[in-house]
There are 2 protein chains.
Amino acid sequence: MAGERVTSNDVARLAGVSQSAVSRYYSTGNLVSTKAGEKIKQAAEQLGYRPNVLARSLITGRSRMIGLVVAYLENYFYPEVVERLSKALQDQGYHVLVFISSPASVVENVDQITQEILDYQVDGIVLASATMSSELAARCHAHGVPIVLFNRLQDDPRLSTVTSDNHGGGRKLAELLVSLGHERFGYIAGYEGASTQRDREAGFREGLEASGHRLFAREVGNFRYDEAQAAARRMFTGPERPDAVFVCNDHMAFAVMDVLRYELGLRIPDDVSVVGFDDVPPARWPAYSLTTFRQDVDDMVAETLRTLMESVNGAGGVPRRVVLDGFLVQRATTRRAPTSAT
Amino acid sequence: MAGERVTSNDVARLAGVSQSAVSRYYSTGNLVSTKAGEKIKQAAEQLGYRPNVLARSLITGRSRMIGLVVAYLENYFYPEVVERLSKALQDQGYHVLVFISSPASVVENVDQITQEILDYQVDGIVLASATMSSELAARCHAHGVPIVLFNRLQDDPRLSTVTSDNHGGGRKLAELLVSLGHERFGYIAGYEGASTQRDREAGFREGLEASGHRLFAREVGNFRYDEAQAAARRMFTGPERPDAVFVCNDHMAFAVMDVLRYELGLRIPDDVSVVGFDDVPPARWPAYSLTTFRQDVDDMVAETLRTLMESVNGAGGVPRRVVLDGFLVQRATTRRAPTSAT
DNA sequence: TTGAAAGCGCTAACAC
DNA sequence: GTGTTAGCGCTTTCAA
C-alpha cells in the first residue's frame, strides 16, 4: 500500500555518484559527464525513479501548475477552452489544476476558491467567465502570481484580460440584421453582471441606433438554456413579436430556436431571424445552422498562454489587455439579403 | 515580482510561539491551547499567511490532488463528468489535475501522461474513456496510487472500474426497436477499441437475436461527429436502407439525425427510428428529442469518488468494479408502439 | 500543552 | 565535473 518511494538518493547510491549529480542530471541535464549520466540513467531506470516535482517546486518556487477557475461547462464554449488550454499548457510542461466555481459567479466564492488555488503555489491563474475582488487581485499580485481573465473584462489594472471584440461583434450583428431589412429587434440578455453581456448588448444597440433603429423587446436568459427558453416564450407570445432576435450566446440561442420552432411553430428565418455569439460546435450542426459571431478559442488560448508565460518567465509582470477580432459567420438562421429590387 | 512568501515561521515569531505550534494549529487544529490559538490566528491574518500545501504533502505523502485523464471533451458527456467530479472532489478538499490525452486514446500516450501525473504525487488517478498498459497499472499499484477507469472496462485486476450497464442498455434498445415493429436494424459503431462500443454492440445484437432478428447494416463512426455523418451517408444511401438505427452514443446520433433529415430528407421517426446512448443535455433539446439510454453521471461520479476515497483513506486497496444501472428514455425519435390491431 | 530537532526529496551555492 | 552543505516550508517524534 504505502508506495515504495524511490528517491534521488537511492539512484545515487546505485549509480555510485552523489545525490546532487542525480539532481543535476534531471534538472539542468548537462551539468554532468556523459559517463556519469549513463550510470544515473541506468540506475534510475532499474529503480523506476522519477523526480518528485512537488519537492522540486518547494525549492524552485515554481510548481508548473496553472489554476483554472471555470464556472459552467454547460455552455459548450468552455469545454473547448479547458481542452485547448490544458493541451497547450501540457505542451509547455505545465498542468492545469481545475476549480469549479458556483455558476452564480459570486465574487466571494471566486475569492475563496482563488485562495485555495494559491495554497497550491500555482504559477498563474486563469479565471474563465469569472471576476474577483480587488483585494484578492492585490494579494495575487503581491505573491507574484499572474492572473488572466478569460472572456471577461474588469477594470483592475493588475489583471490581464483576454477577450474578443464583444462590442464590435454586437454591432456587426445589428448591422447584418438591419441590412436584411428587419424592423423589430429583440435581444435576449445573458447574466447582467457579465462584461460580455454588457458589451455585446451595447454594441448591438449602437449598431441599431446608427441606422435609426432601436430595440423592440428585451428579456434576460442569464446564459442558461432553461431561462432562455422562458425568455423566448415571453418575448414571442403576444400580438406583436420581433422579426429578428440577437441572443447573447449560442447556447441560449439554441434554446430560443427550439421554442420558436417546436413550441410556437415559427419558421426560421422566414418568420424570425436568429443570431447568436461564440460559434460553438452545435452552431454548425444542420439542426441549428446558426448565424453567429465567431470567437476563436485557439486564438484566445494562445494569447492567454502568452500572457501567462510572459509573467512567469520574463521580468514581465505588466498586465496585458488583449482584445481579439472575431468575425461574422452567416448560416441559415438569417434570411438572405433581399435583392435590391424595389 | 518575487512574491513575499509568508511562512509559519513568520507567524510564529509574530505570535510569540514556536513554529511547530503554528503547524499544529493548522494541521490537527486542536493540539494547541485556546490562548495560543488566538494569537496564531491573529498573527496569520495580519500577515496573510496560508499553509503551503506542497510543503505539507512532501512530508505527509498526500497531495490532495487527483489526476484526471480525459480524451475528448467534444462529446458532451465528458464536460459533465469533469464538472461533477471536480466539484465533488473539491467538497472533500481534493483538487483535480487535468491531463488531456490525444483523442486516439493510444495506450502509449496514456502511459506517458500517467507517468507525468505520478510525478505530481497525486493521490489517485481517474482515466475517463482511456485505458492503460498493464506495466503502468502495476507501477501505480506499487506506488500505492489507486486508478479508477471511468466508463471503460479493462481486465487488469489492479484497476477499479466504474461503468454503466452497456450490455444491458444495448439489449434494451434492441428490444424497444423490435417491439416497435422494426425489421431492418442499422448500427453505427464507436471507436472499436473501446469497451463501451463492444458491450453496447454485443448487447444490441443479443437483443435482436433473442427475437430472431439480426443486424442489417453496420458502419463505424469512431465516436466523432464528422465520421458519424459519413457513416450515416454510407448506410442510408442506396436502394435498401435500415428502418431503425442504434448509434453508439448520443454525440454521433446527432450527426446521424442531421444527415437523415437535412441531407437525405428522411423523417424521424416516420421513415427511420434513431436511438442513442448517454442522454447528454442536447438529447433533451426539442431539435433532437432523442430516445436514448441514460447513464447517470452523478451516480457514476459518486461511485468513482467512493472508490477513490476508500483507497486513499481506508486500508482499502482492493479494486472495485462497479456497474451501474441505466434506463431507457423514450422521446421523439422512435415511433409510438403500434396499436395491437392485426 | 509546548518547543527543539530531525527530515520529507529536492535544488543551488560553494569548494574542490 | 563533482561532492558537500545548507536549506525550501512543513509535519512529527521526542522531551520537557
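Helices (H or I, at least four residues) and strands (E, at least two) are DSSP runs, numbered from the N terminus. This is a predicted model, in which local features need pLDDT of at least 70 and side-chain atom pairs count only at pLDDT 80 or more, while totals for chains, interfaces and linings use all residues. Residues are numbered from 1 along each chain as its sequence is written, and chains are lettered from A and ligands numbered from 1 in the order in which they are written.

**Surfaces near the DNA strands**

- DNA strand C is surrounded by 26 residues (C-beta atom, placed from the backbone, within 6 Å of the strand), and the closest are A:Ser8, A:Ser20, A:Ser23, B:Ser18 and B:Ser33.
- At least two residues of the surface near DNA strand C come from each of helices H2 (19-27) and H4 (53-60) of chain A and H2 (19-27), H3 (34-47) and H4 (53-60) of chain B.
- Around DNA strand D there are 27 residues, of which A:Ser18, A:Ser33, B:Ser8, B:Ser20 and B:Ser23 come nearest, and H2(B) gives the largest share of this surface, six residues.

**Strand E4 of chain B**

- From strand E4 (residues 147-150) of chain B, B:Ile147 and B:Leu149 point one way and B:Val148 and B:Phe150 the other way, and all are buried (20 or more other C-beta atoms within 10 Å of a residue's own, with C-beta atoms placed from the backbone).
- Strand E3 (residues 124-128) of chain B runs parallel to E4(B) and is joined to it by four bridges, with B:Phe150 as the bridge partner of B:Ala128; two strands pair if DSSP finds at least two bridges between them.
- Three bridges join E4(B) to the parallel strand E5 (residues 160-164) of chain B, where B:Thr161 stands opposite B:Leu149.

Definitions and conventions: A residue is buried if 20 or more other C-beta atoms lie within 10 Å of its own, exposed if 12 or fewer, and partly exposed in between; C-beta atoms are placed from the backbone.
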